[in-house]
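Thank you all for making time this morning.

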Amino acid sequence: MAKTESVFIFPFKKAFMKYVFTLCLFFSFSLLAQTTLDVGQILDVRSGKILKAKRIYIDQNTGRITEIINIKNKNSPTYSFPQVTLIPGLIDTHTHLCLNDLSLDGGFDRELEREVRTPLSQRINWAKKHASELLRSGFTVLRDLGNCGEWGEQILSESYFRQELSPTFIYSGKGLSAPGGQFFSFSDPELVHREYLVISSESELQESIIRVKSSGATWLKLYADNDPNPQMLSKKILSKAVKIGHQLGLKVAIHAIKEEALDNAIEAHPESIEHAVELSPKQIEKIKKYGITLVMTDLSGELRKLFYTFTFDHNRQFHAFAPSHLDPRARAAQQKGVPLAFGSDYYFDLQIYGYNFGQGTLEALLGLQTQGFSPLDILRMSTINASKLLGTSATYGEISKGHQADFIGLLGNPLENLNYLRHPLFIMKNGKLLSPNR
């Protein structure tokens, strides 16, 4: 009997010991795969409060925050920044990575034609450079809204944006527009179709939107009007396009400049309306009622001064007129409680003026102060509000357990001076540190 027991018990003990050893090895590895970050204070963008002396635990495998505690002991963290104010990574909900406008807003349709004629490989290289500069200026999540030629966003998504240290990339692919796209005079049809999905009738919607979906896009972009081209999509087509987009699981953003186009866009009930230059008080009320997020894309502050100085003709007139119209409409939208998210609509090459793509986008964000927004308003628009619009609230937009470790380390409190964003000490993406732009 004793001999029989030894035959069966010994293998059991051996298996049990192996199991215990495996567990110990696993937990040891788990401890090693954890980053700890000590900071002097954290900005809670949701409450607007500053939280003092915090230790953040980050899972290296997922880049997610596993715990945030008060610093109670002297155990050495992986990183220690006792002088730093930590804020969430920024989100730009309206960018165009594949554009590189040299005209300083001196004629969009002419500049667009030059860029569309540029080989796609070159435009892809612009996008990679722009994305890197955005990340190093603190923008850790991007929504690209088209103008990338023949599905360049899909190429980028399947290659560059799979790298560990790149921004999170959300995109719409080609936008659906009325004939001519955004070319003021009807250009070469081949060029137009290279950049836009042209819609002449309702029958073309289903196939076009399925093509957007098949490119890997999670957003659909519609052009209610084609500014500077005067062509427009009808209210009926916009509404049907939104319905089809939603049925296919796509969120919808509508570009609308003119008042009539804004009426059509609002009644289509998209997730967001972009630009809204001629937005009226009555339309503000409707946007609020329908819960549509407004992405105004106003170039304010230093950028507005720069554009006014160096542009001519009708563009200069617009930049001179802009403050008297755009700023009151921005304040009215804020006062009415319209959901607002930051989108830069930045697509310029301003290196000779001292701005790379990331720094220029940051100036667009800081310029919102001239429209009456407080530092906390601006940070919310570019973090939790933007994340809510994108449907990523559980992952991005704030520093909280379960969220990705996307941070900016600042050498001062941005609620006191938002200009600290210009000189971050570090950027963290998915728990990995990188140097900022200088």
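This is a predicted model: local features need pLDDT of at least 70, side-chain atom pairs count only at pLDDT 80 or more; totals for chains, interfaces and linings use all residues.

Let me begin with an open sheet of seven strands, whose order is β3-β2-β1-β4-β16-β17-β18 and whose pairing is mixed. Its edge strands are β3 (65-70) and β18 (432-434), each of which pairs on one side only, and from one strand to the next the twist averages 40°. For that angle, axes are lines fitted to C-alpha atoms, for helices over the stretch in contact, and angles run from 0 to 180 degrees between N-to-C directions. Two strands are said to pair if DSSP finds at least two bridges between them, while helices (H or I, at least four residues) and strands (E, at least two) are DSSP runs numbered from the N terminus. At one end of this sheet, three bridges join strand β17 (residues 426-429) to β18 in an antiparallel arrangement, and there I427 has L434 of β18 as its bridge partner.

Residues are numbered from 1 along each chain as its sequence is written, and side-chain values use heavy atoms, with hydrogens and water left out.

Stepping back to the protein chain, its secondary structure comes to 14 helices and 18 strands. Of its 438 residues, 55% are buried, where buried means under 20% relative accessible area, exposed means over 50%, and partly exposed lies in between (1.4 Å probe, protein chains only).

The next sheet is open as well, with three strands in the order β5-β6-β7 and parallel pairing. Here β5 (90-95) and β7 (168-171) stand at the edges with a single partner strand each, so one side of each has no neighbour in the sheet. Four bridges join β5 to the parallel strand β6 (residues 139-144), and T95 stands opposite D144 in β6.

Helix α12 itself (residues 357-366) is mostly covered, with nine of its ten residues buried, among them F357, G358 and L366.

Strand β10 (residues 219-223) is largely enclosed by the rest of the structure, because five of its five residues are buried. Both of its faces are covered, with W219, K221 and Y223 on one side and L220 and L222 on the other. Five bridges join β10 to strand β13 (residues 251-256), which runs parallel to it, and K221 stands opposite A253 in β13.

Is Q182 buried or exposed? Its relative accessible area is 6%, so Q182 is buried. Leaving aside neighbours within four places in sequence, Q182 is in contact (heavy atoms within 4.5 Å) with several residues, including F108, N147, Y223 and H255. The C-alpha atoms of Q182 and E195, which are 13 residues apart along the chain, are separated by 9.3 Å.

With a relative accessibility of 39%, F310 counts as partly exposed.
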